[in-house]
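Let's take a walk through this structure together, one step at a time. Keep the picture open beside you and look for each part as we come to it.

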Amino acid sequence: MASTMLNVVGLTKRFGGLIVSEDIHLEIAAGETHAVIGPNGAGKTTLINQIQGELRADSGRIIFRGQDISRASAPHRARLGIARTYQVTSIFPEFSVITNVALARQVAAGHSFRFFRAAESDRSLTEPALETIARVGLADRASALARDLSHGERRQLELAMALAGGPRLILLDEPMAGMGGQDSARMKRLLAEIKKFCTILLVEHDMDAVFALADRVTVLVGGRNVATGSPDQIRADQGVRDAYLGHASEP
Amino acid sequence: MSLSLIVVQLLNGVQLGLMLFLMASGLTLVLGMMSFINLAHGSFYMIGAFIASSLLAWTGNFMLSLLVAVAGAGIVGLLLEIGMLRKVYQQSHLQHVLITFGLILVFNELARLIWGPFPVPLPVPALLAGSVEILPGITYPTFRLAILLVGLAVAAALYVVITHTRSGMWVRAGASDRAMAGAIGVNIELMFSLLFGMGSALAGLAGVMAGPILTVQVGIGEPILILSLVVTVIGGIGSIRGAFLAALLVGVIDTFGRILFPPAIGSMMIFLLMAVILACRPQGLFPARA
Amino acid sequence: MPKDLPAFIPGIDRRFAGIALPVIVMAALALLPWLAVRLDDPFLVRLFTRIVIFAIAAVALNFVLGFGGLASLFHASFMGIGGYVVGVLAHHDANETPLMLGPLAISGTSDLLITIPLAMVCCVLLAFITGLVCLRTSGIYFIMITLAFNQMIFYYFVALERYGGEDGLQILSPLHFGPFAAPKGAAFYYVCWGALCASLLLLRQIISSRFGIVLRAISQNERRAIALGVPALRYKIAAFAISAAVTSIAGALLATNQKFVSPADLSWIRSADLVIIVVLGGISLVWGPVIGAIAFFLAELLLSSWTIHWQLPFGILVILVGIFLKEGIISSGSPAAAWTRRRTRHG
């Protein structure tokens, strides 16, 4: 029986009068790739924010590897092994690609109240960073400044930063967003690779990617979990088709 | 502590608060709408006082001097905004600090050039000299009472304009979300220039009213600026209501703090107040921003 | 197989722009007393002592401002309190009465080997306390709150009649470094120059350390740093405290030099001056503020010898710096920076 990596129980969040998450239940097993789909405004990013800790839920619990992290701060959750990427790329523009990734690893490795050894030339940080960079296919841009990267390359960097710390769970917020055909195919291959050794919660609109990668799919509409199941089950579910798959894009 | 003392000091505190409100109202709206920190705001206070002093010496008519001084401060503000400041909004806060600090130096030195380094007279108008018996056995200077009334009147007028008129609604919209306000068709640039001018005029008014009580000389704007910033932070950036309540709070606490505690502690009171409020509500009492 | 580490990593080199230029500048500063003797102008030494002292404070400010992204208007307090610790303890030494802190009696002393570390400790504590309140805010709020707290300290010292209040406190007892009398003139200049060198080396080291990388990351993208697992507030407070410690040294040296300390050393005008010096020199380089301090005081000197109303052109200069000099004299656009960049690419 596979262990449960993430258990979200009754997660609820309101902004004033607007309910963005309503009693969400979600369970992700270790090693599973779990996709979360739904129309715009369904609360998918908000869900990720609440799991990662950037946002505190109003009620409900989040249990990570058996530990209740509902009250834990975002940095604490990150150090426990939860990594995330952002829908709008969020990197350190003035650092090189290597430094971006090495920093992610450095932070995951422990505190940084070390004042006297130079970090950017520290091989114990840069060598593993280069490995991760090579793995996401960015090796030839390793010494470039992050802000000089193309959009697709930045998405690769985001992913590298998420992987660098050796996380147990990665929350991917629309990793394919804004990508053209070639970049998109590359990202799909990358995710297929990562799938093998990491538990993933994937928010995506690209249905090809979702159905190719996901072991299970949850559908979120209006902040509520309306269906969970295997990709085929979801594809066939009439309720889901009406609410999301069948419709033209919701406002 | 006698009742008479308490009442008089309470009135003094409210009066200080109303003056701070006049200063802070312009400051907070400017901060809220353009995220522009204007350290030279105190200079308009000084300019108002100086112009009033000169006009009074020239015409002998306090009311006229007040009106010209307020208009003068407003016009200087408007010209400054149109001529220079509106071009630098997109720059960093650090640059705003430098630019407005440089303006303080320029304004102070110009004032020194025009009016000299010594205090200039701005006497209480004869009509308002003397005291009034406000409660049995308790007298209060007439001029200070006049300041209270003027301050309340302006505050009420501001409140009505901001909350009950269309322009006021646009101002509030701009203070909480500038991009959105611009998108729905509000002429942000024009509104802002007028707002800046109005804020400067109000600062000038505060300067004229305080002039007869405090001195009028180069550099009087900066201490008032600091108090106004404290009021703005406590009240919440972009909020007139917050500025009003915070100003009264600061005015009363500062006044009583100075009486009840030794000077070293008394002068720190309002900053400690600010620290306590920030610890509980980092955005201030009524932040306008979402 | 991981590739070999490339020889030129843009991240580091942009920060330090090579070693040549700062070494030249510091060497030139070291030669200044010799120049003053040649020109028979001892005033030069006094002027540059002040410049070097302010450079120390500005370099410390830039640690949090340029690298930490924290535009602090509180640093005059650190400088002023550094000076007041020296002054107050020297005052009690001259009076031969102890300083009473509640029930605690602290005997006065004019020994800078005691008072300077004590000044640093006081400022670090102050940095922790104010940092806990201020550093939870950012942007405009942070600037305004540090300004307000600075004035709180200022008004406190103005009201402190026991130590001179607004008129300030003279240091009458002879200050000394342990068994050595505090030097004057050129010898004291070299003490300050040494302190500046030490500050530059220390802060440069910290900037390139793991701590420094995290601090710089927080200033670029705090949200991202937090998501990676950085408890940002802790690092900002620590940086603030380090900056405070170095700034307090400058304040202590200034008090020693002036034999005087007053609330003017604590005012927000002083804080703003430090910010101007930092921006003038260039916030992206550790040693930028050294150039900034030289430029600032030379400009003040030139303008004040030209007209009594020098604050008018000076104010205009400050405005122009704010509008145009986003990255300081040693900016990426200037010839000096281009030269140092070329040097680094082959270094």
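In this predicted model, the largest nonpolar core has 287 residues. The residues with the most contacts inside this core are B:Val230, B:Ala247, C:Ile56 and C:Ala148. Both domain 1 (1–81 + 168–251) and domain 2 (91–165) of chain A give residues to the core, so the core lies between these two domains. There is a general idea to keep in mind here: in soluble globular proteins, nonpolar side chains tend to be buried together.

Let's zoom in on one member of the core. Which residues does B:Ala247 touch, leaving out those up to four places away in sequence? On that count, B:Ala247 touches B:Gly17, B:Leu18, B:Leu20, B:Phe21, B:Ala24 and B:Val231.

Now turn to chain A as a whole. Chain A has 9 helices and 10 strands, and its C-alpha atoms fill a box of roughly 55 × 40 × 40 Å along the principal axes. How does its radius of gyration fit with that of a compact globule? For 251 residues, such a globule would have a radius of gyration near 18 Å, and chain A agrees because its own value is 18 Å. Of the 251 residues of chain A, 47% count as buried. The chain also brings together residues from separate places in its sequence: among contacts between residues at least 6 apart, 68% join residues at least 24 apart.

Next, look at how chain A is divided. The domain assignment gives domain 1 (1–81 + 168–251) and domain 2 (91–165). Their centres, taken over C-alpha atoms, are separated by 26 Å. Where they meet, 10 residues of domain 1 of chain A are in contact with 9 residues of domain 2 of chain A. Helix α6 (residues 181–194) of chain A gives the largest share of the domain 1 side, with 5 residues. By class, that side of domain 1 has 6 nonpolar, 1 polar and 3 charged residues.

Chain A also holds an open sheet of 4 strands, in the order β2-β1-β4-β5, with antiparallel pairing. Its edge strands are β2 (18–29) and β5 (67–68) of chain A, each of which pairs on one side only. Follow strand β4 (residues 59–64) of chain A to β5(A), and you will find antiparallel pairing over 2 bridges. In β5(A), A:Gln67 is the bridge partner of A:Phe64. As a reminder, strands of a sheet pair through backbone hydrogen bonds, either parallel or antiparallel.

Finally, let's see how the chains meet. Between chain A and chain C, the contact takes 39 residues from chain A and 29 residues from chain C. On the chain A side, α2 (74–80), α3 (97–109) and α4 (123–135) each supply at least two residues. The largest share, 7 residues, comes from α3(A). This side of chain A divides into 22 nonpolar, 8 polar and 9 charged residues.

Chain C meets chain B as well: 34 residues of chain B are in contact with 35 residues of chain C. Which helix gives the largest share of the chain B side? That helix is α4(B), with 16 residues. Helices of chain B that each supply at least two residues there include α9 (221–235) and α12 (269–280). The chain B side divides into 26 nonpolar, 6 polar and 2 charged residues.

Definitions and conventions
Residues are numbered from 1 along each chain as its sequence is written. Chains are lettered from A and ligands numbered from 1 in the order in which they are written. This is a predicted model: local features need pLDDT of at least 70, side-chain atom pairs count only at pLDDT 80 or more; totals for chains, interfaces and linings use all residues. Two residues are in contact if their C-beta atoms, placed from the backbone, lie within 7 Å. Ala, Val, Leu, Ile, Met, Phe, Trp, Tyr, Cys and Pro count as nonpolar, Asp, Glu, Lys and Arg as charged, and the others, Gly among them, as polar. The radius of gyration is taken over C-alpha atoms; the globule rule is 2.2 Å times the number of residues to the power 0.38. A residue is buried if 20 or more other C-beta atoms lie within 10 Å of its own, exposed if 12 or fewer, and partly exposed in between; C-beta atoms are placed from the backbone. Domain bounds come from an automatic or database domain assignment. A nonpolar core is a set of buried Ala, Val, Leu, Ile, Met, Phe, Trp, Tyr and Cys residues joined through C-beta atoms within 7 Å. Two strands pair if DSSP finds at least two bridges between them.
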